[in-house]
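Please examine the sequence and the fold together before reading on. The paragraphs below lead through the strands and helices in turn.

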Amino acid sequence: MGVVWLARDELLHREVAVKQVKPPDGLPEQARTVQVTRAEREARAAARLVHPGIVTIFDVTEHDGAPVIVMELIKGRSLADIIDQDGPCTPQRAARIGIALLDALRTAHEAGIVHRDLKPANVLITDRRTVITDFGVAALAGDPSITQSGTVLGTPAYMAPEQAQGGNVGPAADLWALGATLYTAVEGHPPFVRDTFVAILSAQMTQPPDPMTKAGPLAPLLTALLQHDPTARATAAQTAQM
């Protein structure tokens, strides 16, 4: 839904990241309005959160009738890039990443915000930080939905069953996504590998995750997080303990 630029803040003399919202050419006006409003909501959501594991929003301005979001520049690689370039993580490294992600998610959930699109591509890792980015489909408590009826937001491979079914999405959905993200980190692929999006979503709602071969001591936790029933899924407190 846009492009992120490396930019320079001329007032404070620092490098920043600038997300310029660029809806696709030919998009109907109603859909364009939805995308722009979603970008503004992303900025509002992230700006409410103060945590080293969540990208900091500095400002929101406008260009050609669309919002431009100014945020801190994170100099690191995404978890998706790390897996692609270096191979799967050890269970120990994945656990450290998971602890950082869980702490950031708990901060968001305490503020009434559910990310809804946690995945390796939205996790940036530096020498000192593990940071969640892109609250573009975040659900805000008290904020009316801006999506059309029947629209499902998120990434299929990391989407909780209740989210895929268009039901109420709460913090438990982010915990499913955390489990799917850590599964990918240690196994090198998502928990449900299928040929089509429809097949992926069907498997997530009816089948257990594909067998784990590299998760080691993380396997019980990943199994507890990837429960179809959100009420049976590991809570944040249980996840932290495990």
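Two strands are taken to pair if DSSP finds at least two bridges between them. Helices (H or I, at least four residues) and strands (E, at least two) are DSSP runs, numbered from the N terminus. This is a predicted model, in which local features need pLDDT of at least 70 and side-chain atom pairs count only at pLDDT 80 or more, while totals for chains, interfaces and linings use all residues. Residues are numbered from 1 along each chain as its sequence is written, and side-chain values use heavy atoms, with hydrogens and water left out.

S1 and S2 form a hairpin with four residues between them, and His-13 in the turn has a positive phi of about 55 degrees. S2 also runs antiparallel to strand S4 (residues 66-72), to which five bridges join it. Here Val-18 has Val-70 in S4 as its bridge partner. Six of the eight residues of S2 are buried (under 20% relative accessible area; exposed is over 50%, partly exposed in between; 1.4 Å probe, protein chains only), so S2 is largely enclosed by the rest of the structure.

A further sheet is open and has three strands in the order S5-S7-S8, with antiparallel pairing. Its edge strands, each pairing on one side only, are S5 (77-78) and S8 (130-132). Three bridges join S7 (residues 123-125) to the antiparallel S8, and Val-123 stands opposite Ile-132 in S8. Helix H3 (residues 91-110) lies across S7 and S8, running at about 45 degrees to S8. Such angles run from 0 to 180 degrees between N-to-C directions, and axes are lines fitted to C-alpha atoms, for helices over the stretch in contact (heavy atoms within 4.5 Å).

Which residues of helix H2 (residues 79-86) are buried? They are Leu-79, Ala-80, Ile-82 and Ile-83. Seen down the axis of H2, these buried residues fall within an arc of 165 degrees, so they line one face of the helix; the arc is that of the directions from the helix axis to the C-beta atoms. In general, an α-helix has 3.6 residues a turn, so residues three or four places apart point the same way. The buried residues of H2 pack against S5, H3, S7 and helix H5 (171-187), whereas Asp-84 and Gln-85 are exposed on the other side of H2. After H2 comes Gly-87, whose phi is positive, near 90 degrees.
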